[in-house]
Amino acid sequence: MLDNKKILFCLCGGIAVYKCVELASQMVKEGAIIKTIMTKSAMEFVTPLTFQSITKNTVSYKLFNHEANIEHISLADWADIIVIVPATANIIGKIANGIADDLITTTVMASSCPKLIVPAMNVNMYENPILQENINKLKSFDFMFLEPEIGRLACGYEGKGRMPAIDEIIYALKVYLHHQADLKGKSFLVTAGASIEKIDPMRYITNISSGKMGFALARAAYLRGGQVTLIYSSVAEKLPYYVKSIQALSAKEMHDQVLRLFPDFDCVISCAAVADFTPQNPSPVKIKKSENLTIELVRTIDILKEMGEKKDKQYLIGFAAESENILKNAHQKLENKNLNMIVANDLKMAGKTDSEIFIIKKNQNEDSSIQYQGDKFFLANKILDEYINDETT
């Protein structure tokens, strides 16, 4: 999704600029064409030669360069997107107040492409009301922001101000190159992960779901402007730090949390792999090893079916992981559970980087399914695109 996209990489003088070496490398691996601008302060931390070597393009830093075109115009015209990272309080303040006194600020002023700002700084600087006012002002002009993480900062403080992980910046670039805030004003409840049904304090029944698709959906919906709450069970990767998240490990916990929140959301995406069965009498102490062990299982509550019976204004999306008769079984689930959309996939693709999905909507049969193939984040955005198509027709 970054293939041949022209990214103007604007680097400012925060200590986190050293992380931008890896970010530049990752963007190039994703197929992007990178041109770089550095402030004088940024060059105190990392040399222009480093980024020139990685991007195979020259690095610009002079406002007045008599050997080139008028760079703040030519670069502004060239870029598909401008990303400013690590964005300091200084650069945010200058852009917000129309000050154009270096190559980055003049280029931003001359550009009409999307602009992504990634702040990174001391927590007190980030929380300063003057900076927050400047951020809100730029947001009102459709500048996009990826907020910093919470953690230990270079200055020794603990708090919000760390530069986000490289992958999160890549996800944001992929969204903002292809989408604007087209989900603004919509609320999403997303479930993810594999439920855990305890046998005893040490052992449990679960499944192989990683939670990655649910995370991709929550991440994409948030970056596209949606208000997102994620309810997750056992998962294999780090939570999207900017999404409101609630843990619910068992089918019972998932049921209670989902049904409590369900009425307040516009769209519910039920992506979690919730167990169909749970031990009837889990042991309060560890069961000792023996020759044979018999566990009596009982059915769990069908969360998706209950939501389908109770839904009013909600748009309900379910998933069907099948090993045979994929479309037929998915269509039957769509009808039986009163869904607006179902996303079907073949269990043979489980655990692989790329997946293939089939989307069937209400009042459609399996022959009308829509097929997509790609990585989970690409597929998550396609699912959201199909939701928007339904909501606008």
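Let's start with helix H3 (residues 71-78) and helix H5 (residues 103-110), which pack at an angle of about 55° with their axes 8 Å apart. This is a predicted model, in which local features need pLDDT of at least 70 and side-chain atom pairs count only at pLDDT 80 or more, while totals for chains, interfaces and linings use all residues. Residues are numbered from 1 along each chain as its sequence is written, and side-chain values use heavy atoms, with hydrogens and water left out.

A word on terms: helices (H or I, at least four residues) and strands (E, at least two) are DSSP runs, numbered from the N terminus. Axes are lines fitted to C-alpha atoms, for helices over the stretch in contact, and angles run from 0 to 180 degrees between N-to-C directions. Angles under 35 degrees count as roughly parallel, over 145 as roughly antiparallel, 65 to 115 as roughly perpendicular and the rest as oblique. H3 and H5 are therefore oblique to each other.

On the H3 side, the contact (heavy atoms within 4.5 Å) is made by Glu-71, His-72, Ile-73, Leu-75 and Ala-76, and H5 brings Leu-103, Thr-106, Thr-107 and Ala-110. Those residues divide into five nonpolar, three polar and one charged; here Ala, Val, Leu, Ile, Met, Phe, Trp, Tyr, Cys and Pro count as nonpolar, Asp, Glu, Lys and Arg as charged, and the others, Gly among them, as polar.

Now look at helix H4 (residues 89-96), which packs on H7 at an angle of about 50°, with the axes 9 Å apart. These two helices are therefore oblique as well, but H4 passes H7 in a left-handed crossing. H4 contributes Ala-89, Ile-92, Gly-93, Ile-95 and Ala-96 to the contact, facing Leu-131, Asn-134, Ile-135, Lys-137 and Leu-138 of H7. By class, that makes seven nonpolar, two polar and one charged.

H7 turns up again in the second largest pocket, where it gives the most to the lining, with three residues. About 600 Å³ of space lies in this pocket, and of its 19 lining residues, Lys-139, Phe-143, Phe-145, Tyr-176 and Gly-225 lie nearest the centre. Helix H7 (129-140), strand E6 (144-145) and helix H9 (212-223) are the elements that give two or more residues to the lining. Sorted by class, the lining has 10 nonpolar, four polar and five charged residues. For the record, a pocket is an open set of points on a 1 Å grid over the protein atoms alone where a 1.4 Å probe fits, with protein on both sides within 12 Å along at least five of seven lines, and lining residues have an atom within 4 Å of a point. Grid points are joined across faces, edges and corners, and the volume is the space filled by probe spheres set on the points.

Finally, the backbone. Most residues other than glycine have a negative phi, and most peptide bonds are trans. Lys-56, though not a glycine, has a positive phi of about 60°; look for Lys-56 in the loop between helix H2 (48-55) and strand E3 (59-60). A cis peptide bond joins Val-85 and Pro-86, with omega about -15°, and Pro-86 is found in strand E4 (residues 81-87).

Methods. A crossing is left-handed if the near helix is turned anticlockwise from the far one by less than a right angle, and right-handed if clockwise.
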